[in-house]
Amino acid sequence: MRGHRDLSTVTVLALVCALAAPLLPIEALSLLFALPLAFFLPGYALTAAAFARRPIERPQLLLLSLGLSLCVLALGALLLNYVPGGIGPVSWTLLLALVVLNGCRVAALRRPKARPAAPLTRPRLRPTAAAAALLIAALLCATAALALTFTTTSAKHANGYSALWLLPPTPKDRAEGGARIGVNSEEQKSVNYRLQVRVADFRGEFARNFRLEPGETRVLKLGASKAASARPVAVTALLFRRNKDGNVYRRVSGWLAEPKPSR
Amino acid sequence: MSELAIQSQAGTGMNRSRVGLGHFPAIALSCGVGLLLCAVANGLARSTEGDPMLLYWLGVLLIAAPIFYRLTSSEATPTERLTLVCLLGLSLYGVKVLRDAPLFTFSDELVHAFNANQIGDHHHLFEANSILKATPYYPGLEGATSSLMAITGLSSYTAGMIVVGVARLTLIGALYLLFLRVGGSARVAGLAAAIYTCNFNFLFWGGQYSYESLALPLLILIMMALAEREAVRREALRAWAIPVIVAIAAVLVTHHLTSYATVGILLALSLAYWYVKRSWASPNPWWFAVFAAALAAAWLLIVASSTIGYLSPVLSGAVKAIFNTLSGDAPPRQLFQKGSSAVGTTPFAARAVAVLAIVALLAGLPFGLREVWLRHRKQPFALVFMVAAIAFFATLALRLAPAAWETGNRAGEFLFVGLAFVLSYAGLAMLRRWPSRPRLTRGLLAAVISLALIGDAISGWPWDAQLARPLKVSAKGNTVVSPPLAMAEWADHDIANGRFAAPTADANLLLVPGNKSVIAGPYPDVEDILEDPKLASWQLPLLRRHKLRYVVSDLRPAASDGIRGYYFSTGGSDEGRLPRNVTAKFAQVPGAARVYSNGPITVFDLKGHP
């Protein structure tokens, strides 16, 4: 690729991005390298290869670089689907780097030796101080808009609520059997609850009182029934909100799971 | 020599000229402020504070109107025009992003995000999607998203947002260069690309994370490459064939309808070439049309045969609805009417703006057609654009037939390319007609285009869904989430296996973030099962036949609404509820366990009995 500055630049850039993007542990930094590798360089290399003998104008070149990169991504997944290991970080990085390297190589081989000017030359941008200030202000506004959008705000008119659920034990506790009863507060303020549980075995009925802050969860573990029984043991859980009327607020029902021996 | 002829000789005029910023910095600031206003309006809407709709439209106007005004100028350089239309396209995409962050909330977005997550989890394509079975067989978008997800570890939301953003940039850039090559004038190209943003779907539907959002830009790229190919010497024809072939293949694996539209457009162009030049020789693109048709047919029959079952009810329903409406057997669809209690009304002023926008487009049509006919009737692309412009208004009639509405709406996005080109000439004719007061005329033209943008955005997306709603809310320093989202997060966290039957909105959230296999809608008919107050004898066997272990019963009317069903209810009332028996009937199923309840939403485990 000697003598073709644009192709050398693109090749080096692709290699740097292919090495850095998957290795960097911070997503934002990784994205900085992944963006050109995915959305520009493959398209540029293909365009350079296709138009090696007859260079095209810069806007068409830039657009084809973007558009053909999207095409490489859309078609690349199909190709990777049939390679060993399938679609993953290594296969994607390799594929994109290979597309760029091969595209640039073909372009270098096909280009006439006395080519007038490499298409990837820098445009002569000379913004005035005022123009630069305006552009920076625009960027700040757009950043503020995004920051505002990704900030979770309060909504005093949104109707808060609580959830009650009853499930078998987690896979970790399955050997012990029983059940889990959970209360999630999605309320706007702190709420006092009374959880009343009815188990159709020796335990009968019992209750727990507790208070949850918004977004908090309380999980109660019920052990398996100790008495051997041919019938499954039924469980009903009723949730009351204290300081409210005595009506049942939530109700769930199910059965205690039998202890399962771990394999 | 005319302006058009000069530009044709000098190519696009952008290659060697010094890149001038022109008014770009000031207009960019206006866009930034506009985006900020839209963010504030959405923030207020999420906070359930007041009615920020005017603020929102002011933001949209601040983004678009200065660009429209500058593009009407004869002074702007081609480079400035290109950067301005790119800024417009990206900023309007920003309006959509500001509405939805930090989650996808359009019905199709969650379906495609699920597919992208499946690729990430299984490292292969074509994993089943229980809601839209055809989507895994058009994996272009999700495949592209998987590259960013795999390399950077980003979520499907962030990666998908970036992919669609790049696609939007490609779309608007390709439109500009297409119109520049066909019209031979940067002023026409800038105006036409800007007018394209006035199509019904540009602001929201077209910006969603869905396969058409990638396929349509690639189709425009194909058209741009064909237009460039037409202008080059014979030796260069082959070079331009490469991007066309690659993009056709990419469209084909990305979206069914766009791949058929590609075939249709290539056929139309081939016929137009033959009509104008009486020759099938290059650059007549007939063999691209044959190539695209053969590839689309092969893909449909070999890989994506389920698409036939997916599309045929939609298309046959549309045809049937047209006949029924025409014959008077069915009443026409009422525009801007509330479909259910979950749907808000569109105010009279908004309806008036929407109607005025259509009137403005229609009023410009004859003038644009006349101008294009006089100048470009020997150009195949221009002929196709004129036919598309007329056909666009024919598709408006489809909006009056209930089941044909969606077909007309989708077709409009493609046909608007032609209409935008034609209307740009109507705009220029207007500027020429009143040359004595250029600023006033330009201002008037920019105002009309702004009206079209806002009016068509109102027509294209429900009024009550233009702004964000509370999905995640801050309460006492913690975050609480809406009932359907909480249910989906619970399912993701606590339910390991088992398929779900759920109303549309709950089902979409059970896909992402729930990561569950879920069925919704009428095929199979879980929709009726979930809305009937009584458990009919066929219902339980159907659920068992489809191995639907968990049933999500939701008393909110909005639960079946893929646009409005994801959010908190507001204002103390719970906005009407379905009868309690809709939920209570599942408690009668022998062995069923009531495993989750958050008020409106109850989940039953039909195999709860150990």
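B:Pro283 lies in the loop between H11 and H12 of chain B; helices are DSSP runs of H or I with at least four residues, numbered from the N terminus. A cis peptide bond joins B:Ser282 to B:Pro283, with omega about 10 degrees. The structure is a predicted model, in which local features need pLDDT of at least 70, side-chain atom pairs count only at pLDDT 80 or more, and totals for chains, interfaces and linings use all residues. Residues are numbered from 1 along each chain as its sequence is written, chains are lettered from A and ligands numbered from 1 in the order in which they are written, and side-chain values use heavy atoms, without hydrogens and water.

The loop between H11 and H12 of chain B also holds B:Arg278. This residue is not a glycine, yet its phi is positive, about 55 degrees. B:Arg278 is exposed, with a relative accessible area of 53% (buried is under 20%, exposed over 50%, partly exposed in between, for a 1.4 Å probe and protein chains only). B:Thr48 likewise has a positive phi of about 55 degrees. B:Thr48 sits in the loop between helix H2 (24–46) and helix H3 (53–71) of chain B. It is buried, at 16% relative accessible area.

B:Pro102 belongs to the loop between H4 and H5 of chain B.

Rings of Phe, Tyr and Trp (its six-membered ring) pair if their centres lie within 6.5 Å; planes under 30 degrees apart are stacked, over 60 edge-to-face, and the rest tilted. B:Phe104 and B:Tyr209 form a stacked pair, 5.1 Å centre to centre, with 5 degrees between the planes. The two residues are 105 residues apart in the chain: B:Phe104 is in the loop between helix H4 (78–100) and helix H5 (107–122), and B:Tyr209 in the loop between helix H8 (186–196) and helix H9 (211–231) of chain B. Both are buried: B:Phe104 has 7% relative accessibility, and B:Tyr209 has a relative accessible area of 1%.

H9(B) has 21 residues. Of these 21, 19 are buried, so H9(B) is largely enclosed by the rest of the structure.

One aromatic cluster comprises B:Tyr196, B:Phe200, B:Phe202, B:Phe392, B:Phe393 and B:Phe416. The charged end of B:Arg99 sits over the ring of B:Phe204, 5.7 Å from its centre (NZ of Lys or CZ of Arg within 6 Å of the ring centre and within 35 degrees of the ring normal). B:Arg442 lies over the face of B:Tyr69, 4.1 Å from the ring centre.

Key
The expected span of a helix is 1.5 Å times one less than its number of residues.
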